[in-house]
Amino acid sequence: MKVSYFPGCTLRTKAKDLDFYARKCAEILGVELCEIKDWQCCGASFVSAKDEVASKLSSVRALVAARDEEQPLVTVCSACHNVIKQTNDAMQTDEEFANKVNLYMAQDKDPSEPYHGETQVYHYLEMLRDTVGFDKIREAVKNPLTGKKIAAYYGCMLLRPGKVMNFDDPENPTIIENFIRALGAEPVVYPARNECCGSYVVLEDADSAKKKSNSVSDSAANHGAEMIVTACPLCKYNLEKSGSSIPVVYFTELLAVALGVKED
């Protein structure tokens, strides 16, 4: 199976190993990640103002590229996923916005057909759940993480806004816990798993961001977790920089260990 792949800026610069694990693990599971040609930064955050068009064009171009390849678009970073998914929804539901975007796109050197939200957008975790299947992952595991107690950290971007992201139950998600079980480990459920790590206020109020991050890692540790797994590079960085008392790993790294791509 081939899918269009949007790695995002962080996984192609400071976190190249996490991108490598995503590609190698997908290959083992029968999925080829076809990186979109000449992709650009997604914009990092979704600006809700209707008259803000320019910051969303790179996301639309990625969506168009996937549509023209007749492939779903897969993202790995939860921030990229949030921006692209919300942009796709806007192109489907907001005619005025879609018309403005398509007028901009019509001025490209080699303009594509107008876009109206035809592309199916998946986060890598959704691809594992809905396309590959956790049972197949369980069968592919070479190094089961038996005995490890792992806390899933969802953060903000995967789950909200719930009706647009449609990723999982925004109040009681289970996808990462089921992912952890498929790798042979025991998921730890704790109160702060859906809370913000404070990353978007770190430049304005570093103390507040640190307090938020520590409340997440402390909550996980106090409920018996040996490590935290997240799907957001920024959350991972923020939790670690704030001094998490337990290791914080990216989900593709954890998958790579279980599938034998990376040594534990």
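Visitor: What does DSSP have to find before two strands pair?
Guide: Two strands count as paired if DSSP finds at least two bridges between them, and please keep in mind that the model we are looking at is predicted.

Visitor: Okay, in what order do the strands of the sheet with β1 run?
Guide: The order is β2-β1-β3-β4, which makes an open sheet of 4 strands with parallel pairing.

Visitor: And why is one side of β2 and of β4 left without a neighbour?
Guide: Both β2 (32–35) and β4 (121–123) stand at the edges of the sheet and have a single partner strand each, so one side of each stays without a neighbour there. From one strand to the next, the twist averages 40 degrees.

Visitor: How many bridges hold β1 and β3 together?
Guide: There are 3 bridges between β1 (residues 2–6) and β3 (residues 73–75), which pair in the parallel sense; Tyr5, for instance, has Val74 in β3 as its bridge partner.

Visitor: Which strands does helix α1 lie across?
Guide: Helix α1, spanning residues 16–28, lies across β1 and β2, and its direction is at about 135 degrees to β2.

Visitor: Switching topic, what joins β5 to β7?
Guide: Strand β5 (residues 149–153) and strand β7 (residues 227–230) run parallel and are joined by 4 bridges, with Ile228 in β7 as the bridge partner of Ala151.

Visitor: Which strands do helices α8 and α10 touch?
Guide: Helix α8 (residues 175–182) packs on the sheet against β5, β6 and β7, at about 150 degrees to the direction of β5, while helix α10 (residues 233–241) touches β5, β7 and β8, making about 165 degrees with β8.

Note on methods: Residues numbered from 1 in each chain as written. Predicted model: local features only at pLDDT ≥ 70, side-chain atom pairs only at ≥ 80, totals over all residues. Heavy atoms only, no water. Helix = DSSP H or I, 4+ residues; strand = E, 2+ residues; numbered from the N terminus. Axes fitted to C-alpha atoms, helices over the stretch in contact; angles between N-to-C directions. Contact = heavy atoms within 4.5 Å.
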